[in-house]
Structure formats: structure tokens, C-alpha cells
Amino acid sequence: VVITRRVRAGCEAAFEQATAAWGETAATFPGRLAVFLLRPPPGGDEYGAVLRFRTADDWRAFRDWPEYRTWQERIRPLLATPPTVLELHGLE
């Protein structure tokens, strides 16, 4: 799963702090294999995350996990636009 988020100008530090804190909680979710965070180049505002799950069902369960939904609500004010989510299955 590839998720991109455009962060509002001036909110970068708060977004990075919230993301770092969230990583510890997200790591406890069964079926989550890895997360790779991508920072924007200087002057950019788009952050990326590549998430790997054991199965598509694990991704769906993570997406519906109350902790994930709460974190999404917490960072929503920091975002310039809604996140973009791209689900890949390995054959692309």
C-alpha cells in the first residue's frame, strides 16, 4: 500500500512528530510486515509511506483498526488535502 499525504505549510514538524509516535503503535498490529517513510525534498510538501502487509485482509483490518482511524483524525488538520491511497498487489 502506498499512501501519500500533502502536509500544510508550517505543519511539517508536527506531522513528523505525530508520525514517529504513531509508528510504535502501528508496529503492534498483526499482519503488518514493514513501513517505509519517504520525506519530501526541500521545499516539497508530499510525504509518502509504503506499507507491507502479509495479506490483503490484513490491510483491510488495519485500515479499519480503531487506533489507525483515531490517528488519521488526529493528523487531518495537518494535511493540505486528503491522503491518496494506492493498493498494489505485487504484479504491477
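User: What lines the largest pocket, and which residues lie nearest its centre?
Analyst: Bear in mind this is a predicted model. The lining of the largest pocket comes to 22 residues, and nearest the centre are Thr 19, Trp 22, Val 35, Leu 37 and Ala 49.

User: Which element gives the most to that lining?
Analyst: That's α1, with seven residues. At least two residues each come from β1 (2-6), α1 (12-26), β2 (32-38), β3 (46-53) and α3.

User: How does the lining of the largest pocket split by class?
Analyst: You get 14 nonpolar residues, plus four polar and four charged. The space inside the largest pocket is about 350 Å³.

User: OK, and what volume does the second largest pocket have?
Analyst: About 160 Å³. Both β3 and α2 give two or more residues to its lining. Among the lining residues are Leu 51, Arg 52, Phe 53, Trp 59, Arg 60 and His 89. By class, the lining of the second largest pocket has six nonpolar, two polar and three charged residues.

User: Switching to helices: at what angle do α2 and α3 cross?
Analyst: Roughly 55 degrees, with the axes of α2 (residues 56-64) and α3 (residues 66-75) coming within 5 Å. So α2 is oblique to α3.

User: Which residues meet there?
Analyst: From α2, Phe 62, Arg 63 and Asp 64; from α3, Pro 66, Tyr 68 and Arg 69. The residues of that contact are three nonpolar and three charged, with no polar ones.

Methods. Residues numbered from 1 in each chain as written. Predicted model: local features only at pLDDT ≥ 70, side-chain atom pairs only at ≥ 80, totals over all residues. Heavy atoms only, no water. Axes fitted to C-alpha atoms, helices over the stretch in contact; angles between N-to-C directions. Helix = DSSP H or I, 4+ residues; strand = E, 2+ residues; numbered from the N terminus. Parallel < 35°, antiparallel > 145°, perpendicular 65-115°, else oblique. Contact = heavy atoms within 4.5 Å. Nonpolar A, V, L, I, M, F, W, Y, C, P; charged D, E, K, R; others polar. 1 Å grid on protein atoms, 1.4 Å probe; cavity = no way out; pocket = protein on both sides within 12 Å on 5 of 7 lines; lining within 4 Å. Points joined across faces, edges and corners; volume = space filled by probe spheres on them.
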